[in-house]
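Dear colleague,

I am passing on the structure that we spoke about, and my notes on it follow below. Please read them with the model open beside you.

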Amino acid sequence: MNDAASERNPTRLFAIVFLVVLLSTAFVLAFKMFFVLFAGVLFALLLRTAAAFVCRVIRLPYGVALTVLVLAGIAGSTVGAWLLVPSVEQQLEELGRDLPKMMTDLRNRFESTPIVGQVLSANTGNHFDPKSAGRAALGALGGSVAVLSGLVITFFIGVYGAAQPESYVKAALSVAPRRYERYVERALHEIAHNLTRWLWGRILAMAFVGTTTSIVFHLLHLPLALTLGLLAGLLTFIEYAGAILSAVPPVLLGFSQSSTTGLAVFIAYVVLHVIEGYVLTPLLARASVHLPPALTLAAQALLGEIVGVLGLTFSTPLFVVAVSAAKAFREEREHTSTRDDTSSP
């Protein structure tokens with residue numbers, strides 16, 4: 001009996017190690033698809049809560065409400081693209097035409113500044129290279145195709161996930177060991193609840209930043225006002241780091257026009273993000289998840305270093321998943337211990 005057990009244990013240990021290595025290898029080779037799937041989960045949570053809200057307000061069946069939301073979203077995206085794409089395209093053409101002169105003026109204005117002048121001289125050069133611009137455009141086109149395919153996959157994962165969420169919960173519970181079913185079920189509930197709250201808080205913050213920055217940039221007569229406003233709103237999805245990343249293009253464009261415009265853009269950007277970070281976000285935190293800034297930035301730096309832009313983008317929601325799962329496991333273990341203590345004689 002002992003010999004048989006000793007023979008099975010190494011086999012079982014080898015199978016576990018092989019499975020871990022296989023899953024780790026699959027993640028490394030297809031980590032981009034992992035983030036696409038995770039984006040689909042976020043979209044499913046968004047659709048689910050929106051459909052549930054419509055059900056409560058209009059008293060529609062859940063399936064009908066979800067269908068109406070999906071069709072309305074497709075129609076709204078189509079109309080929005082039809083209205084915005086020509087304007088954004090025109091602004092991009094104007095920027096491409098005026099960018100060499102802007103960068104030259106910016107370099108001439110700050111070439112006497114020790115640090116800024118050296119950086120601009122090293123990165124702008126003395127002329128605009130059409131071949132380099134063409135290669136960059138082709139790279140951007142390839143990236144756009146990959147992004148578009150990822151968005152399509154995310155869309156369908158979100159729709160199917162929102163249509164039958166219970167099926168996927170049952171599938172997750174079916175592969176979990178029986179003694180851990182309660183832990184997994186509680187963790188899934190906690191993750192879905194906290195992710196949904198965090199996601200809606202980010203969406204409201206994104207809408208505020210995108211709208212206000214577009215208006216301010218337009219009032220300051222900044223080139224690409226609408227495009228830069230949309231970029232600022234989208235990058236607000238990345239807490240803290242997104243504000244810094246989205247500030248660079250408008251500030252540079254402002255200083256390329258004049259020092260007064262650049263300073264005005266910088267001040268306006270700081271004021272708007274202070275309102276978002278210290279007024280709007282704390283108010284939303286009452287109904288959403290508020291994570292410690294230091295831990296959030298640490299997670300962004302870690303995942304950004306490991307997997308690049310995708311890791312930086314989804315670091316905060318993945319951090320929410322990790323914290324929610326750990327909290328759910330701890331609470332379930334304490335609940336089980338308390339129940340065992342009360343049931344014992």
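Which residues have the most contacts inside the largest nonpolar core? They are Phe38, Leu42, Leu195, Leu199, Phe237 and Phe314, in a core of 20 residues, where a nonpolar core is a set of buried Ala, Val, Leu, Ile, Met, Phe, Trp, Tyr and Cys residues joined through side-chain atoms within 4.5 Å. The elements that give two or more residues to this core are helix H2 (31-58), helix H7 (181-219), helix H11 (293-307) and helix H12 (309-343), and H2 gives the most, with six residues. Leaving aside residues up to four places away in sequence, Phe314 touches Phe35, Phe38, Ala39 and Leu42, a contact being heavy atoms within 4.5 Å. A second, separate core has 13 residues, among them Leu224, Ala225, Val251 and Phe255.

Before going further, please keep in mind that this is a predicted model, in which local features need pLDDT of at least 70 and side-chain atom pairs count only at pLDDT 80 or more, while totals for chains, interfaces and linings use all residues. Residues are numbered from 1 along each chain as its sequence is written, and side-chain values use heavy atoms, with hydrogens and water left out.

As for the protein as a whole, its secondary structure comes to 12 helices and zero strands (DSSP runs numbered from the N terminus, helices being H or I of at least four residues and strands E of at least two). Of its 345 residues, 32% count as buried, with buried meaning under 20% relative accessible area, exposed over 50%, and partly exposed in between (1.4 Å probe, protein chains only). Among contacts between residues at least 6 apart in sequence, 70% join residues at least 24 apart. The accessible surface comes to about 21600 Å², of which 71% belongs to carbon and sulfur atoms (Shrake-Rupley method with a 1.4 Å probe; for residues, only the protein chains shown count as cover).

Helix H10 (residues 259-285) holds Thr261, which counts as buried because its relative accessibility is 16%. Apart from residues up to four places away in sequence, Thr261 touches Leu220, Leu222 and Gly254. Val279 also lies in helix H10, but Val279 counts as partly exposed, because its relative accessibility is 45%.

With best wishes
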